[in-house]
Amino acid sequence: MERKKFYITTPIYYPSDKLHIGHSYTTVAADAMARFKRLTGYDVYFLTGTDEHGQKIERRAQAAGKSPQEFVDGIVEWIKKLWQALDISYDDFIRTTEDRHKAAVQKIFQRFYDQGDIYKSKYEGWYCTPCEAFWTERQLVDGNCPDCSRPVELVAEESYFFRMSKYANKLLEHIEQHPDFIQPAARKNEMINNFLKPGLEDLCVSRTTFNWGIPVPFDPDHVIYVWLDALSNYITALGYASEDDRLMQTFWPADVHLIGKEIVRFHTIYWPIFLMALGLELPEKVFGHGWLLLDDGKMSKSKGNVIDPEELIKRYGSDAIRYFLLREIPFGADGHFSEEALLHRINFDLANDLGNLLNRTLAMLKKYFAGTVPAPGQSGSLDEELRLAAESLPGQIEALMDQLQFSSALAELWRFIARVNKYIDEAAPWSLAKTGQESRLQSVMYNLLESIRIISVILQPFMPRTPERIWHQLGISADKHLQTWESILTFGKLPSGIQTAPGEVLFPRLELSEKDGTPVRQATKKDKPISAAKEVQEKVEKQNLISIDEFSRLDLRVAEIKEAEPISGADKLLKLKVDVGGEEKQVVAGIAKHFAPEELPGKRVLFVANLKPAKLRGVLSEGMLLAASDDEGNLVLATTEAPIKSGSRVK
Ligand code: MSP
């Protein structure tokens, strides 16, 4: 069967300063995608690099008392080390100051000129140097750059212009006929309505008031506009217009250009038009993701709230950072970054859900089977459900990844991890051991180990280091065939007889030290394998105790009841609309015997906000009100002792 190709790019970064954690976001996402495609059998080409020309860099170099080349060289080295520390598996790193790029860009410019797409004139208008973008008076917002809100400069200089207007209709047609070309859809509409429909102005594509750029081949007083220079990297890296363009033949068009939302205009208007002028196919998809925000707006150096990725990796390890970036924020939307939120994900998702699953399982295996993977024995009714969940997982993950929904893909994987944790509680291996049900115990332990293997295989693109650590403990480090995507499509590929090696805790639970705010390991019993905490385990089973972590999985909120109405044919039920901090939810509550619908609106009640949606009598219910009832049939709603905002967290 012919292997499919996949070409993915990140933007090329300005080496004007060190990068912050927001920059890592695009690259980590692209890397996860590239790794995922490799894992699922594609020939992948993953490109990143640096965008080194332009007025911004020239000024920064001057301020640093260095030549531009000297200035960027240092930062580019730093960026490469950062990508290494984050396990970014790029196939090529292109620098726009390399000869291979400069020569190809000059050929592109010459071709545009020769075919009449470029003409010489005079530019008079505004320029935003941080964004390297031209703006008309009409486009400014309060006299500032509409993209970054910073001041713009008035520019008047001789320039070459590209006839954008010649291609605008063709581009509009393409966008309309290819609904997936610009994603998410809201960004597509913005491009159509704000830029294409009002009429596209010709673009200034050369500058004369500074030197740091690629000279226009036939008019060396001009340097090529940095965005035309930069965008071309996506094809010059593949050898376009060079003697060896085999990569171009194999990988163009790009399958995904992954970029931040503020540069969607350059990638979905100017870039496709340049490509059309070159007679090349357009990329399949341009995805403009949201920003990583600190509490006071977009994270940026100029606003002084840099979060240093090097320091974060040192504190938490690259896998945890990658997991946080991919999981916390639905891809496409803006999201917040804070160390507390990161810590929360580490302690709950990584230490508790994933780490503990491995720990508990291997500790039990050691106790019951001396650490050797048993052959499955007698099957039970719980097993089939687990097997079906495991076998449907790869398909679900693949579908979500094809939509670049990293966060949902990880949520799906963690739903499975929760399912496996629940399987332990339901199958209760300790009871099977106590009652001598050896054959059944074999099956349960086997199913747990196989589920962990499946989880570790799926984890690879997101957290490249953790699977290796899991395989080491499972005793399958050398068994490459047990680490492939194919090996998880059917449940049961893990051979019996393997000797496991329980080892270090995967992710210790952390807290920020009171002394200096750095993370320190929490000292809890949690870190110890359960065999050492037998008494606690027994108590937990007998009294049905839950841990504080299990409790905190509940998302309890204050909700305000907005509407209530009866449900026909269900005399105990009411259908309610509640407001939870601005979000409306529908709930079916069994309180009709105790309240008339008109009594309820305005009441603020305690509400379980993260209950799986269910249908009751065919009506969707997205949560649960808390209420207390006694033996005499009285029922009262659990409300707050004093008024407090709806959406407030209850803990
Ligand atoms: N050099 C241009 C891109 C040229 S591509 C032909 C550029 N460089 S950049 O260094 O400013 O930004 C690189 C990427 O980092 C962009 O995708 C940008 O959106 C992303 N991010 C920078 N800050 C960010 C956040 N705070 N959050 C998420 N992504 C952010 O633009």
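Predicted model: local features only at pLDDT ≥ 70, side-chain atom pairs only at ≥ 80, totals over all residues.

What follows is my list of things I looked up, in the order I got to them.

**Entry 1: what I'm looking at**

**Entry 2: the ligand**
I started with the ligand. Which residues come nearest to it? There are 26 residues around the ligand, and Ile12, Asp51, Gly260, Glu262 and Leu292 come nearest.

Then I looked up some atom pairs. For isoleucine 12, I found a polar backbone atom 2.8 Å from a nitrogen atom of the ligand. Glycine 22 also uses its backbone: an N or O atom there lies 3.2 Å from a ligand nitrogen atom. For aspartate 51, I had to look in the side chain, where an N or O atom is 2.7 Å from a nitrogen atom of the ligand.

**Entry 3: helix 1 and helix 14**
Next I turned to helix pairs. I reminded myself that two packed helices are described by the angle between their axes and the distance between the axes.

My opening pair was helix 1, residues 21–39, and helix 14, residues 381–402. They pack at about 135°, and their axes are 11 Å apart. The two helices are therefore oblique to each other. I noted the crossing as left-handed. On the helix 1 side, the contact uses Ala32, Met33, Phe36 and Lys37, and on the helix 14 side it uses Ile397, Glu398, Met401 and Asp402. Sorting the residues of this contact by class gave me five nonpolar, three charged and no polar ones.

**Entry 4: helix 6 and helix 10**
Helix 6 covers residues 185–196 and helix 10 covers residues 264–277. Their axes come within 11 Å and cross at roughly 65°. Is the crossing left-handed or right-handed? I got right-handed for helix 6 passing helix 10. Helix 6 brings Arg187, Met191, Phe195 and Leu196 to the contact, while helix 10 brings Val264, Arg265, Thr268 and Ile269. The tally for the contact of helix 6 with helix 10 is five nonpolar, two charged and one polar.

**Entry 5: helix 15 and helix 17**
Helix 15 runs over residues 406–427 and helix 17 over residues 438–459. I read an angle of about 165° for their packing, with the axes 11 Å apart. Why do I call this pair roughly antiparallel? Angles over 145 degrees count that way, so helix 15 is roughly antiparallel to helix 17. Their crossing is left-handed.

I wrote down some of the residues that meet here. By class, the contact of helix 15 with helix 17 has 13 nonpolar, three polar and one charged residues.

I finished with the backbone. The background I kept in mind: most residues other than glycine have a negative phi, and most peptide bonds are trans.

Where did I find cis bonds? One joins glutamine 183 and proline 184, with omega about -10°. Proline 184 sits in the loop between strand 7 (182–183) and helix 6. Another cis bond goes from tryptophan 252 to proline 253, and its omega is near 5°. I located proline 253 in the loop between helix 9 (246–251) and strand 12 (256–260).

Last up was alanine 241. Its phi is near 60°, a positive value in a residue other than glycine. Alanine 241 is in the loop between helix 8 (233–236) and helix 9.

Notes: Residues numbered from 1 in each chain as written. Heavy atoms only, no water. Axes fitted to C-alpha atoms, helices over the stretch in contact; angles between N-to-C directions. Helix = DSSP H or I, 4+ residues; strand = E, 2+ residues; numbered from the N terminus. Parallel < 35°, antiparallel > 145°, perpendicular 65-115°, else oblique. Left-handed = near helix turned anticlockwise from the far one by under 90°. Contact = heavy atoms within 4.5 Å. Nonpolar A, V, L, I, M, F, W, Y, C, P; charged D, E, K, R; others polar. Near = heavy atom within 4 Å. Polar contact = N/O pair within 3.5 Å; in protein donor to acceptor, adjacent residues only side chain to side chain.
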